[in-house]
Amino acid sequence: QVLLVESGGGLVQAGGSLRLSCAASGRTFSTYGMGWFRQAPGKEREFVAAVSPRGTSTYYADSAKGRFTISRDNAKSTVYLQMNSLKPENTAVYYCAAGDYSGSYRSYSYWGQGTQVTISS
């Protein structure tokens, strides 16, 4: 069992930055691939970024490439999502997830409760 708790969301102006964090419980954090997903009102949950268990590989949605960076600190059982040059269309609830390293939500078994990110124009 893995408990995930996101933090770092908030309201920022377009062009600004946010750093999301996701703290995990349990001793097996380093065995899981970690992903970030988001869901905007009226839309399906979509993949943002993923990082492999040891942090050696990353994978991004096209919309995140060049602006978002996923990283992890296994010693702290925490995964991060640095988001730069934010746009109003990035407004969504952002979720972290633990499971197999993948861009598909079906590969992830554990989910956090989400953190709201709102970008004003």
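Ser21 lies in strand β3, which spans residues 18-24. Strands here are DSSP runs of E with at least two residues, and they are numbered from the N terminus. The model is predicted, so local features need pLDDT of at least 70, side-chain atom pairs count only at pLDDT 80 or more, and totals for chains, interfaces and linings use all residues. Residues are numbered from 1 along each chain as its sequence is written, and side-chain values use heavy atoms, without hydrogens and water.

Ser21 is buried, at a relative accessible area of 17%. Buried means under 20% relative accessible area, exposed means over 50%, and partly exposed lies in between (1.4 Å probe, protein chains only). Beyond its neighbours within four places in sequence, Ser21 is in contact with Val5, Glu6, Ser7, Trp36, Thr78, Val79 and Tyr80. Contact means heavy atoms within 4.5 Å. Ser21 is also the bridge partner of Ser7.

Strand β3 belongs to an open sheet of four strands, ordered β1-β3-β8-β7, with antiparallel pairing. β1 (4-7) and β7 (68-73) stand at the edges with a single partner strand each, so one side of each has no neighbour in the sheet. From one strand to the next, the twist averages 15 degrees. Two strands pair if DSSP finds at least two bridges between them. β1 and β3 are joined by four bridges in the antiparallel sense.

Strand β11 takes part in pairings of both senses. With β2 (residues 10-13), β11 runs parallel over four bridges. Leu11 has Thr118 of β11 as its bridge partner. With β9, β11 pairs in the antiparallel sense over three bridges. Here Tyr94 stands opposite Thr115. The covered face of β11 holds Thr115, Val117 and Ile119, while Gln116, Thr118 and Ser120 form the uncovered one.

One disulfide is found, a disulfide being a pair of cysteine sulfur atoms within 2.5 Å. Cys22 is joined to Cys96, with an S to S distance of 1.9 Å. The link is right-handed, with 45 degrees about the S-S bond. Cys22 sits in strand β3 and Cys96 in strand β9, 74 residues apart. Cys22 is buried at 0% relative accessibility, and Cys96 is buried at 0% too.

A nonpolar core is a set of buried Ala, Val, Leu, Ile, Met, Phe, Trp, Tyr and Cys residues joined through side-chain atoms within 4.5 Å. The largest has 30 residues, of which Leu4, Met34, Trp36, Val79, Leu81, Met83 and Tyr94 touch the most other members. A second, separate core of six residues includes Phe37, Phe47, Ala61 and Ala97.

Six aromatic pairs are found in the whole structure. Rings of Phe, Tyr and Trp (its six-membered ring) pair if their centres lie within 6.5 Å; planes under 30 degrees apart are stacked, over 60 edge-to-face, and the rest tilted. The rings of Phe37 and Phe47 have centres 5.6 Å apart and planes at 70 degrees, so this pair is edge-to-face. Phe37 is in strand β4 and Phe47 in strand β5, so the pair ties together parts 10 residues apart in sequence. Phe37 is buried at 1% relative accessibility, and Phe47 is buried at 13%. Phe37 and Tyr108 are also edge-to-face, because their centres are 5.4 Å apart and their planes at 75 degrees. Ring pairs link Phe37, Phe47, Tyr59, Tyr108 and Trp111 into a cluster.

Conventions:
Axes fitted to C-alpha atoms, helices over the stretch in contact; angles between N-to-C directions.
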